[in-house]
Amino acid sequence: MPTLILVRHGRSTANTAGLLAGWTPGVALDERGAAQAAALPGRLAELPLSEIVSSPLQRCQETIQPLLDARPGLTAHSDERIGECHYGDWSGRKLAELSGEPLMEVVQSHPSAAAFPGGESMRAMQTRAAEAVREWNARVERDHGSDAVYLMCSHGDIIKSLVADALGLHLDLFQRISVEPCSITAIRYTRLRPFLVRLGDTGDLTSLAPREEQSEGDAAVGGGAGAP
């Protein structure tokens, strides 16, 4: 079965503003995010990509555009199932404000029980994304062969949930996974099991350096802004 390259969108204006974007329209890449997207064709130059599938949201569409410009023979397909989690009433709010909500503790410690007011549950988010991957795996293998490589551009929580699915981790453990903006995660699917062969690879170790304000251990809902 195919190898899936998962790319998280580049850093967005919502990331730098500390907002939980969700499906809020008009969230674009910021200057750094645009530079990350521009570097993507070079990072992927050695991979014979057969298909590109993207979340329909603007920040993902902008992330893959340089790659499409560099490979005019490739067509991008849009799939809402790998779009961001529907955060409902939380969408567009500051993460600093949301940290005090009782639901945030559930999101951090028991995400399989978390459902966003006016939105969807994290369980439903993972299910739709995993179903999309399985359908695209079958389609890519049918059209391009079992050794094909294809790319999906999506969002932090979606990618983390797909990694958990591939590793057989319960969704309640997915907050232990971290994927930075424009990072590359690769999963090689086989008949019996998937293999995680890259996780959150940016080629940049800046985010490992100590910071003045260290996290207390909570995961960044939506994925975070990455290295400063």
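These questions and answers walk through a predicted model.

Me: How many salt bridges does the predicted model have?
Reply: Side chains of opposite charge can pair when their charged atoms come close. Here the cut-off is 4 Å between nitrogen and carboxyl oxygen. By this rule, the count of salt bridges is 11.

Me: Which residues are linked with Arg 81 in a network of salt bridges?
Reply: One link is to Asp 79, with the closest N and O atoms 2.8 Å apart. The network also takes in a Glu residue. With Arg 81, its members are Asp 79 and Glu 135.

Me: Is Asp 79 buried or exposed?
Reply: Buried means under 20% relative accessible area. Asp 79 has a relative accessible area of 8%. Asp 79, by contrast, is buried.

Me: Which helices are linked by the salt bridge of Arg 134 and Asp 165?
Reply: The side chains of Arg 134 and Asp 165 meet at 3.0 Å, N to O. The two residues are 31 apart, so the pair links distant parts of the chain. Arg 134 is partly exposed at 43%, and Asp 165 is partly exposed at 24%. The helices are H6 (residues 122-144) and H7 (residues 156-167).

Me: What separates Lys 160 and Asp 157 along helix H7?
Reply: These two form a salt bridge, with the closest N and O atoms 3.8 Å apart. Both Lys 160 and Asp 157 are buried. They sit three residues apart in H7, so the separation is about one helical turn.

Me: Why do the buried residues of H5 line one face of the helix?
Reply: The buried residues of H5 (residues 102-109) are Leu 103, Met 104, Val 107 and Gln 108. Residues three or four places apart in an α-helix point the same way, because it has 3.6 residues a turn. Seen down the axis of H5, the buried residues fall within an arc of 140°.

Me: Which residues are exposed on the other side of H5?
Reply: The buried residues of H5 pack against helix H4 (95-98) and H6. The other side of H5 has exposed residues. They are Pro 102, Glu 105 and Ser 109.

Me: Which elements give two or more residues to the lining of the second largest pocket?
Reply: This pocket holds about 270 Å³ of space. Of its 13 lining residues, the closest to the centre are Ile 5, Leu 47, Ile 184, Ala 186 and Arg 198. The elements are E1, E5 and strand E6 (194-201).

Terms used:
Residues numbered from 1 in each chain as written. Predicted model: local features only at pLDDT ≥ 70, side-chain atom pairs only at ≥ 80, totals over all residues. Heavy atoms only, no water. Buried < 20%, exposed > 50% of the residue type's maximum accessible area, 1.4 Å probe, protein only. Helix = DSSP H or I, 4+ residues; strand = E, 2+ residues; numbered from the N terminus. Arc of directions from axis to C-beta. Contact = heavy atoms within 4.5 Å. 1 Å grid on protein atoms, 1.4 Å probe; cavity = no way out; pocket = protein on both sides within 12 Å on 5 of 7 lines; lining within 4 Å. Points joined across faces, edges and corners; volume = space filled by probe spheres on them.
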